[in-house]
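Subject: Structure for you to look at

Hello,

Here is the structure you are taking over. Please open it and keep it beside you while you read the notes.

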Amino acid sequence: YLSQIIVNLSRILSGKSKRLTAKNNESSMASSTIYKILRFVDREYLNIESVKDISESLSYSEYYISHLFSEKMGVTIKEYITRKKVSHACELLKTSPLGIEEISEHLNFASSHSFRRAFKNITGVSPREYKNKLPQILYHK
């Protein structure tokens, strides 16, 4: 076994192992694609309406990026975007005078109802409850 490990290791290091090199290239391409998706979403999450927006901007098929993202990240792209928006909403609730309706519009949710539902699913409390508990949260840290 030891001699097989040494032979395989020398093949890998010399680049002669086609099978392992192909897998490494595939993995590297997938990582690069995930990085591109994350960078795009982190920069544009307020403007993204669907996975189609991402796929068109990055020139990949919707199926490919949806499947790859879910496989590598453990969440769907839609869930990742929603989490980004809710995180932004938490900051807005802490630091801005905007109301819940205005925040919902600012974050481009389909409706204030969908915003409240997403917020509660992620944080466990409604936006109003979150805002009401802020003084307690901020002063007990």
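The notes below go from the whole chain to a helix contact and then to some aromatic rings.

This is a predicted model, in which local features need pLDDT of at least 70 and side-chain atom pairs count only at pLDDT 80 or more, while totals for chains, interfaces and linings use all residues. Residues are numbered from 1 along each chain as its sequence is written, and side-chain values use heavy atoms, with hydrogens and water left out.

The whole chain

The protein chain has eight helices and zero strands (DSSP runs, numbered from the N terminus: H or I of at least four residues for helices, E of at least two for strands). Of its 141 residues, 29% are buried (under 20% relative accessible area; over 50% is exposed and in between is partly exposed, with a 1.4 Å probe and protein chains only). Among contacts (heavy atoms within 4.5 Å) with a separation of 6 or more, 48% are between residues 24 or more positions apart.

H5 and H7

Helix H5 (residues 77-95) packs against helix H7 (residues 112-123) at about 95 degrees, and the axes are 10 Å apart. The axes are lines fitted to C-alpha atoms over the stretch in contact, and angles run from 0 to 180 degrees between N-to-C directions. This makes H5 roughly perpendicular to H7 (65 to 115 degrees; under 35 is roughly parallel, over 145 roughly antiparallel and the rest oblique). On the H5 side, the residues in contact include Val86 and Leu93; on the H7 side, they include Phe115 and Phe119.

The rings

The whole structure has five aromatic pairs (ring centres of Phe, Tyr or Trp, the last by its six-membered ring, within 6.5 Å; planes under 30 degrees apart are stacked, over 60 edge-to-face and the rest tilted). Phe119 and Tyr130 form an edge-to-face pair, because their planes are at 75 degrees, with centres 5.5 Å apart. Phe119 is in H7 and Tyr130 in helix H8 (residues 127-139), so this pair ties together parts eleven residues apart in sequence. Phe119 is buried at a relative accessible area of 0%, and Tyr130 is buried at 12%. Ring pairs also link Phe109, Phe115, Phe119 and Tyr130 into a cluster.

Lys85 lies over the face of Phe109, 5.3 Å from the ring centre (NZ of Lys or CZ of Arg within 6 Å of the centre and within 35 degrees of the ring normal).

Regards
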